[in-house]
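This report concerns strand pairing and salt bridges. Please consult the sequence and the structure shown here.

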Amino acid sequence: MNADRRRLTVEDLWAFCRVGAPAVVPGGRSAVVPVTTYDLEANREFCRLWWVPLQEGEPRPLTAEEFVSRQPAVSPDGRRLALVRRAVTA
């Protein structure tokens with residue numbers, strides 16, 4: 001093993017963002033994607049929904065950090081977003 005390399009630890013794995021199943025907006029120009037992160041010290045999970053353009057533009061968060069937001073569903077006309085959310089407990 002190279003001296004500059006190290007093995008992945010459990011902490012490293014929990015530090016990765018986890019990307020959930022996207023809800024593609026009709027027309028295919030963008031998607032709403034749940035991204036989950038973890039705070040090991042606080043033993044908390046956070047999940048935000050992100051709007052992700054599939055052609056041009058920058059992703060941006062759609063939901064606040066103080067909620068866990070999941071299971072996005074876009075209406076057939078692309079004008080409404082349904083989701084499941086709960087407050088992050090202390």
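Thr36 has Cys47 of strand S4 as its bridge partner. Thr36 itself lies in strand S3; strands are DSSP runs of E with at least two residues, numbered from the N terminus. The model is predicted, so that local features need pLDDT of at least 70 and side-chain atom pairs count only at pLDDT 80 or more, while totals for chains, interfaces and linings use all residues. Residues are numbered from 1 along each chain as its sequence is written, and side-chain values use heavy atoms, leaving out hydrogens and water.

Strands S3 (residues 30–39) and S4 (residues 44–53) run antiparallel and are joined by 10 bridges; pairing requires at least two bridges found by DSSP. Four residues separate S3 from S4 in this hairpin, and Asn43 in the turn has a positive phi of about 55 degrees.

Thr36 is buried because its relative accessibility is 8% (buried is under 20% relative accessible area, exposed over 50%, partly exposed in between, with a 1.4 Å probe and protein chains only). Beyond four places away in sequence, the residues that Thr36 touches include Glu45 and Arg70, contact being heavy atoms within 4.5 Å.

Four salt bridges are counted, each a side-chain nitrogen of Lys or Arg within 4 Å of a carboxyl oxygen of Asp or Glu. Three of them are tabulated by their closest N and O atoms.

| Salt bridge | Closest N and O atoms |
|---|---|
| Arg6 and Asp12 | 2.7 Å |
| Arg70 and Glu45 | 2.2 Å |
| Arg86 and Glu45 | 3.3 Å |

Glu45, Arg70 and Arg86 are linked in a salt-bridge network. Glu45 counts as partly exposed because its relative accessibility is 22%.
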